[in-house]
Amino acid sequence: MHSISQRILVRLAITTVLTSMVAYGWIYWQAQSTEIAVRQRVLLDQAKLIASYLVLDERGSPALNLPTQIADGYKTATGYHRYAIRDQAGEVLFGSGPATGPLALFDQLTQMAYDYDPDGPGPLHMFGAAVKSSLGGRILFTQVEEDGLDTQYLRAAVNEEFLTDGGWLQVPFLLAWFGVSVLAVRRALAPLKQVSRVAENIDPATADVRLPTANVPQELFPLVSAINRALDRMEQGLMRQREFNANAAHQLRTPLAVLSANIQAMEDKTTAAKLIYDVELMSRMVNQLLLVARLETLSHPANETVDLTAVATDVATNLAPLAIASGKHLEVVNGIGPVFVRANAEALRAALSNLVENALSHTLPATTVSIRLSQEPTVEVVDCGPGVPPDQRNQVFERFWKGDRNGKGAGLGLAIVRHIMTALQGSVSVSDNPNGGAAFTLRFPPNARITAARSAA
């Protein structure tokens with residue numbers, strides 16, 4: 001996929017080359033036209049000059065009193081510069097030696113220019129001019145001719161001088177002009193790059209951010225404005241969705257609490273215990289929905305100094321009754337002291353609680369779920385359950401996905417964990433426990449770690 005600047009520069013380069021070719025072609029055509037016009041004018045002036053020296057002698061016959069200096073100019077060994085004076089019948093009366101070309105028909109003209117090839121397809125090409133004059137009642141024609149070799153030599157000399165003195169500057173000039181164009185295009189597209197950077201950072205947590213319109217090219221201003229209006233509509237939709245989720249969850253909590261109280265008053269304790277378990281499961285789902293609604297509005301997730309050891313201990317203390325009730329064990333493994341990170345305590349506690357609850361629901365009875373901390377910093381939750389197959393390790397973090405279709409839960413716990421760690425610029429992954437089971441690891445970015453000295457300060 002080509003960028004806009006690349007397309008502009010390619011088309012600009014093509015346009016530059018074509019424009020240069022047209023310009024040089026026009027210059028060449030103008031030079032050729034000027035050369036022909038100048039040659040014709042010079043030859044006609046020479047013919048008129050020679051015709052001006054025609055006089056009548058004592059007998060009334062035409063005579064040519066051509067000055068020696070002018071006559072010597074036509075006395076060349078090659079005869080490539082020559083003149084001739086003809087009468088109306090075409091007979092040569094005076095000439096410089098070599099025969100000139102045939103006389104063209106003048107009709108009503110008094111002067112004309114012409115050219116011809118005396119040697120057919122050979123290299124010689126003659127240019128000539130003829131003027132008609134009247135002397136003593138007789139019509140005379142004065143012809144002057146020259147070959148094109150001198151013109152070619154002159155043209156070659158001019159071209160060589162042009163290239164030597166300044167023509168070679170055209171190449172660096174074009175390169176410099178193209179370089180300036182590249183800078184101009186990049187500068188003109190700089191606002192678009194800024195818009196792209198802003199757009200890249202827009203997510204549900206920053207849905208109120210809009211694309212900047214300052215310095216945006218006029219041609220792209222309607223597009224940026226349309227995107228901002230689309231973002232307005234999307235933000236409104238997200239707000240309505242979040243409000244619905246929060247309101248629905250809140251509305252469900254009260255009926256569930258009343259239902260739980262009524263069930264506990266039942267005389268059939270066996271049936272009541274089963275119903276209470278189901279109500280607690282529904283309450284957990286409602287709490288997860290509330291947590292999702294709060295997390296989606298979490299715009300500044302990593303603005304607190306959090307001790308991972310304290311969070312792990314707090315989570316283990318809160319979930320210890322659940323572990324004991326299910327005949328399982330829960331421990332915090334940390335022989336390295338406090339581990340401070342830059343994070344959000346509430347969000348991190350929710351993520352770790354979901355991991356531990358997930359581990360307690362899958363580990364075997366009479367086994368231990370371990371919460372292990374390291375200075376990297378990482379937090380690892382290890383169970384002794386069936387583990388997670390490699391082909392399902394990406395799916396387990398998707399919303400509403402459950403490996404066991406008949407299992408309890410809504411499939412939100414691990415999705416919430418990934419959402420929180422993404423907001424904290426960290427990650428969550430699952431691997432195999434060497435002793436059997438699964439190992440879920442929370443990894444924080446290196447810049448999130450805070451030393452004990454900085455934490456005390």
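Biologist: Is Gln425 buried or exposed?

Modeller: In this predicted model, Gln425 is exposed, because its relative accessible area is 62% and the cut-off for exposed is over 50%. Gln425 sits in the loop between H9 and S13.

Biologist: What is the phi of Gln425?

Modeller: Gln425 has a positive phi of about 60°, although this residue is not a glycine.

Biologist: And what about Ala366, where is that residue placed?

Modeller: Ala366 belongs to the loop between H8 and S11. Its phi is positive too, at about 65°, and Ala366 is not a glycine. Ala366 is exposed, with a relative accessible area of 59%.

Biologist: Which peptide bond is cis?

Modeller: The bond from Glu376 to Pro377 is cis, with omega near 10°. Pro377 lies in the loop between S11 and S12.

Biologist: Which residues does Phe444 touch?

Modeller: Leaving aside residues up to four places away in sequence, Phe444 touches Leu308, Leu348, Pro377, Val379, Met421, Leu424 and Gly426. The list therefore includes Pro377, the proline of the cis bond, given that contact means heavy atoms within 4.5 Å.

Biologist: Which residues touch the most other members of the largest nonpolar core?

Modeller: Leu352, Leu442 and Phe444 do, in a core of 44 residues. The elements that give two or more residues to this core are H7, strand S10 (340–343), helix H8 (345–362), S11, S12, helix H9 (413–423), S13 and S14. H8 gives the most, with ten residues.

Biologist: Which residues does the second core include?

Modeller: That core is separate and has 18 residues, among them Leu44, Ile50, Ile85 and Leu135.

Biologist: Turning to the sheets, what is the strand order in the sheet of five strands?

Modeller: The order is S9-S11-S12-S14-S13, in an open sheet with mixed pairing. Strand S9 (329–333) and strand S13 (427–432) are the edge strands, and each pairs on one side only. On average, and ignoring direction, neighbouring strands of this sheet are turned by 15° against each other.

Biologist: Which helix packs on that sheet?

Modeller: Helix H7 (residues 308–325) does, touching S9, strand S11 (368–374) and strand S12 (378–382). The direction of H7 makes about 170° with that of S9.

Biologist: In what sense do S13 and S14 pair?

Modeller: S13 and strand S14 (residues 438–443) pair in the antiparallel sense, over six bridges. Within that pairing, Ser431 has Ala439 of S14 as its bridge partner.

Biologist: Is Ser374 buried or exposed?

Modeller: Ser374 counts as buried because its relative accessibility is 18%, and buried means under 20%. Ser374 is found in strand S11. Its side chain is joined to that of Thr378 by a polar contact of 2.4 Å.

Biologist: What is the order of the sheet of three strands?

Modeller: The order is S8-S10-S15, in an open sheet with antiparallel pairing. Strand S8 (304–307) and strand S15 (449–450) stand at the edges with a single partner strand each, so one side of each has no neighbour in the sheet. S10 and S15 are joined by two bridges, and Val341 stands opposite Arg449 in S15.

Biologist: Which helix lies across S8 and S10?

Modeller: H7 does, running at about 60° to S8.

Biologist: Moving to S3, how many of its residues are buried?

Modeller: Six of the seven residues in strand S3 (residues 81–87) are buried, and the strand is mostly covered. S3 runs antiparallel to strand S7 (residues 138–147), with seven bridges joining them. Tyr83 has Val144 of S7 as its bridge partner.

Biologist: How many residues lie between S3 and S4 in their hairpin?

Modeller: Four residues lie between them, and Gly90 in the turn has a positive phi of about 95°. S3 and strand S4 (residues 92–95) pair in the antiparallel sense over three bridges. Arg86 stands opposite Val92 in S4.

Biologist: Lastly, where is the pLDDT below 50?

Modeller: The pLDDT is below 50 over residues 453–457, a stretch with four contacts in the model beyond near neighbours in sequence. Where pLDDT is low, predicted coordinates should not be read in detail. The protein chain averages a pLDDT of 81, and 84% of the residues score at least 70.

How values were computed. Residues numbered from 1 in each chain as written. Predicted model: local features only at pLDDT ≥ 70, side-chain atom pairs only at ≥ 80, totals over all residues. Heavy atoms only, no water. Pairing = 2+ DSSP bridges. Axes fitted to C-alpha atoms, helices over the stretch in contact; angles between N-to-C directions. pLDDT = per-residue confidence, 0-100. Buried < 20%, exposed > 50% of the residue type's maximum accessible area, 1.4 Å probe, protein only. Polar contact = N/O pair within 3.5 Å; in protein donor to acceptor, adjacent residues only side chain to side chain. Core = buried A, V, L, I, M, F, W, Y, C linked by side-chain atoms within 4.5 Å.
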